[in-house]
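Please look over the fold below before using its coordinates. The briefing takes it topic by topic.

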Amino acid sequence: MKRKTRQYPFIHETTFRNTTEQDLEFSEVLNRISRFVAADPRGVYDLVITTDAQTHPGHTKFVSYIVVYRVGKGAWLCSRQVILPREIYSVQEKLSLETSFSQEIAGQFGYEERAALENIILPHMEQGADIRFIVDIDGGSGPKNKTAAYLAEMVGRIEAMGLIARVKPESVMVSIADRETKKPYPFKVV
């Protein structure tokens with residue numbers, strides 16, 4: 001007897017959400033980030049984009065986060081997800097798609113958007129204010145790490161965008177997305 005698998009839809013969210021807000025357009029996300037940075041313009045900030053994936057029966061769930069971390073003083077974050085209606089087991093394909101989804105979001109932080117955030121802290125840079133634009137990659141270079149063979153390509157893709165690429169163990173923000181990918185997509189029968 002053949003087992004019937006659920007048919008999952010292809011979902012590629014373009015809006016973001018967090019625990020208090022839903023359906024945030026990128027312009028609204030940028031506004032929230034600007035307000036967060038402006039609340040303490042003397043701070044040191046890491047604006048981190050990261051994506052993690054988990055394969056579940058019938059689908060692979062990708063969750064991307066934008067995290068604005070005020071070093072030592074809290075963070076503001078939001079996420080979006082992509083559901084592919086197939087199971088991905090190739091480490092190379094999964095890592096490449098994770099990096100692509102992070103790049104897709106990072107690409108929205110163009111010159112004008114980055115400059116607007118930098119201008120908030122600019123008057124305070126001599127006192128130590130800073131903002132770094134980072135993409136955390138869910139891969140490590142250890143000898144037993146299955147992703148090590150593909151890291152140079154992924155890091156090169158991020159650095160070509162003028163961003164900082166971090167890999168494990170420095171890519172700490174991946175753990176935020178990891179928690180959300182563990183839950184399968186809540187398939188609803190219509």
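The mean pLDDT of the protein chain is 92.

**Confidence**

- In the protein chain, 95% of the residues reach a pLDDT of 70 or more.
- Confidence is highest in α1, with a mean of 98.
- Confidence is lowest in α5, where the mean is 84.
- Where pLDDT is low, predicted coordinates should not be read in detail.

- β1 runs antiparallel to β4 (residues 75-84), and two bridges join them.
- In one of these pairings, His12 has Val82 of β4 as its bridge partner.

**Helices across the sheet**

**Helix pair α1 and α3**

- Helix α1 covers residues 26-38, and helix α3 covers residues 111-121.
- Their axes are 9 Å apart and the packing angle is about 15°.
- That angle makes α1 roughly parallel to α3, the cut-off being under 35 degrees.
- The crossing of α1 past α3 is right-handed.
- On the α1 side, the contact is made by Phe26, Leu30, Ile33, Ser34, Val37 and Ala38.
- On the α3 side, Glu113, Leu117, Ile120 and Ile121 take part.
- By class, this contact of α1 with α3 has eight nonpolar residues, one polar and one charged.

**Helix pair α2 and α4**

- Helix α4 covers residues 151-159.
- The axes of α2 and α4 come within 11 Å and cross at roughly 10°.
- α2 and α4 are therefore roughly parallel to each other.
- From α2, the contact takes in Leu95, Ser96, Thr99, Ser100 and Gln103.
- From α4, the partners are Leu151, Met154, Arg157 and Ile158.
- The contact of α2 with α4 divides into four nonpolar, four polar and one charged residues.

**Backbone points to check**

- Most residues other than glycine have a negative phi, and most peptide bonds are trans.
- Which bond is cis? The peptide bond joining Lys168 and Pro169 is cis, with omega about 10°.
- Pro169 sits in the loop between β6 and α5.
- Asp23 is not a glycine, yet its phi is positive, at about 50°.
- Asp23 sits in the loop between β1 and α1.

Methods: Residues are numbered from 1 along each chain as its sequence is written. This is a predicted model: local features need pLDDT of at least 70, side-chain atom pairs count only at pLDDT 80 or more; totals for chains, interfaces and linings use all residues. Side-chain values use heavy atoms; hydrogens and water are left out. Axes are lines fitted to C-alpha atoms, for helices over the stretch in contact, and angles run from 0 to 180 degrees between N-to-C directions. Helices (H or I, at least four residues) and strands (E, at least two) are DSSP runs, numbered from the N terminus. Angles under 35 degrees count as roughly parallel, over 145 as roughly antiparallel, 65 to 115 as roughly perpendicular and the rest as oblique. A crossing is left-handed if the near helix is turned anticlockwise from the far one by less than a right angle, and right-handed if clockwise. Contact means heavy atoms within 4.5 Å. Ala, Val, Leu, Ile, Met, Phe, Trp, Tyr, Cys and Pro count as nonpolar, Asp, Glu, Lys and Arg as charged, and the others, Gly among them, as polar. Two strands pair if DSSP finds at least two bridges between them. pLDDT is the predictor's confidence in each residue, from 0 to 100.
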